[in-house]
Amino acid sequence: MAAPITVPLFDLNYGPEETEAALRVLQSKWLTQGDETTAFEKEFAEYLGVNHAVAITNCTAALHLACLAAGAGPGDEVITSALTFAASANAIRYTGATPIFADVKSFDDWTLDPDDIERKITPRTKAILVVHYAGFGCDMERIQAIAQKNKLKIIEDCAHSVGASRGPKKLGSEGDFSCFSFFSNKNLSTGEGGMICTNDAEAAAQIRLWRSHGMTHSTLDRHRGHAYTYDVVTLGYNYRIDEIRSALGRAQLGKLDVANARRRELAALYKELFAGFDGLQIPFCGAEFCVPTSDPNYHIFPVLLGNGIDRPSLMAALRERGIQSSVHYRPVHTFSAFREAYPGVSLPLTEQIGLRVLTLPIYPAMSDEQVRVVVENLEDIKDCKDAKDK
Ligand SMILES: Cc1ncc(COP(=O)(O)O)c(C=O)c1O
C-alpha cells in the first residue's frame, strides 16, 4: 500500500478570510453575479493595471470570448503553444478557427518562440494566443512587434500567471485580451472561475453582453427595480460567475502577492538543493528570467528529466514515498482529437519537453523541510533515475 501523501502537489491557501467571504454572501441572500462580482472586477483591474476586467465562469470561457472579440471565426487561424492545457486550443476551435501550433524557444525557455510564430503567419492568421507557462512570461516585446507588423490581435492565456511579471508590467496587461483561471489549483483559487481583461471599452461591453445571453439588463438590475424588461441583442452564453466565487476571489487577491513571494522562496530553495544534481535540468534559468524586473509566480515547478530516465517509474516511486508529482503537459497536438483534426504537426522541442517534464510540488504552505524531502527522495530513487525509458 502506498504511503499517505506527505507532500501533495498543491494545497489550497485558504483561511478565515475565505470563510468570512463565503458567509458574507450567504447572509446577503444574493447568490448570482452582483455587487461582489462588480467589486472583484474593479479590484482585479486595479491590481493588473488595466481598464476593464470582466469576471467569467472559468478561463476556458474567457478564452472563447477573447477569441471571438479578436474576430476569430471559420477559416481563420490563431497561433498558439502546444505546451499547455487543451483549453487554450479548444477555445480557438469553439469559434470555428484553426489552432496553429508554434514551438517553444529552447530547453531553458518554454514560452512561445517568436521566430516560429513569424514562420507560421499566413493571410488567414487572426491572432496570437500566448501562454505564460508556469507563470513565466512570453517575450511580449517581440510578440507585440510581430502582431503590430501583421495586424494581429494578442490574447494572453494567463491561467498560470496571476501576479507574475516579465519586465516592469504584470503579465496580462500588455495583450489585447488576457484570460485568467481561478480553478482550484491556481495561485488565486475560487474552485471554478475566471477573468477577462482588456483596455478596449467597446470590446469589454461586448464581452459583458456575451457573458449573459446578450441581455441588455441583468437579473440584479431587475431585482432592484432599475429595469423591468430586457432585450437580447446578440447571440450570448451563460458564462456568469456567482457571488460566492467572486467574494472568494477578493479574499484570495488580497493574499496573492504574499503567497507568490513564498512560492519564489520555495523555488529558490529547490534551485539551491538541485545545484549539481545529476539527471535533471531546471528550466527558466536564463538571464531574462533572473533579473529583478521579472517576477515569475511559480504556479508549478517543472523540471526536465535527463534523456533515458523512466518517468512513470520515477513518479510511482515518489508516490510510494508519499510525494505527488505530475506532468505539465502532454503536448496538445498529440491528443487523439487534435491528431485527427490537424495531422502532421511537428514541434521538436515541445515534444521532447512533453516526454521529459516532471512537475514537483509547490504551494505557499509548503515548508522548506518538504522541499528537502522531495529533493532527497529524488536523489535516492537511483534505480528509476538510471532506468532506461520503456
Ligand atoms: C494554461 C491553461 N489555460 C486554460 C485553462 C483553463 O482554465 P479553466 O479551468 O479555468 O477553464 C487552464 C486550466 O488549467 C490552463 O492551465
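1. Basis of the note. Residues carry numbers that start from 1 along each chain as its sequence is written. Because the model is predicted, local features need pLDDT of at least 70 and side-chain atom pairs count only at pLDDT 80 or more, whereas totals for chains, interfaces and linings use all residues.

2. Domains. The domain assignment of the protein, with bounds from an automatic or database source, gives domain 1 (16-253) and domain 2 (257-386). Their centres, taken over C-alpha atoms, are separated by 26 Å. Where the two touch, 29 residues from domain 1 and 32 residues from domain 2 take part, contact being counted when the C-beta atoms of two residues, placed from the backbone, lie within 7 Å. The side of domain 1 that touches domain 2 has 14 nonpolar, ten polar and five charged residues; here Ala, Val, Leu, Ile, Met, Phe, Trp, Tyr, Cys and Pro count as nonpolar, Asp, Glu, Lys and Arg as charged, and the others, Gly among them, as polar.

3. Strand β6. Strands (E, at least two residues) and helices (H or I, at least four residues) are DSSP runs, numbered from the N terminus. In β6 (residues 177-181), five of the five residues are buried, a term for 20 or more other C-beta atoms within 10 Å of a residue's own, with 12 or fewer for exposed, partly exposed in between, and C-beta atoms placed from the backbone. Phe177, Cys179 and Ser181 point one way from β6, while Ser178 and Phe180 point the other way. In a regular strand, side chains alternate between the two faces of the sheet.

4. Partners of β6. Strands are taken to pair if DSSP finds at least two bridges between them. β6 pairs in the parallel sense with β5 (residues 153-157) over three bridges, and runs antiparallel to β7 (residues 194-198), to which four bridges join it. Cys179 stands opposite Asp157 on the one hand and opposite Ile196 in β7 on the other.

5. A three-stranded sheet. An open sheet has the order β8-β9-β10 with antiparallel pairing, and its edge strands, β8 (280-281) and β10 (357-360), each pair on one side only. Two bridges link β8 and β9 (residues 301-305), with Leu280 opposite Leu305.

6. Ligand shell. Of the 14 residues around the ligand, Asn58, Cys59, Thr60, Ala159 and Ser181 come nearest; a residue is near if its C-beta atom, placed from the backbone, lies within 6 Å. Helices α3 (59-69) and α4 (86-94) each supply at least two residues of this shell, which divides into six nonpolar, seven polar and one charged.
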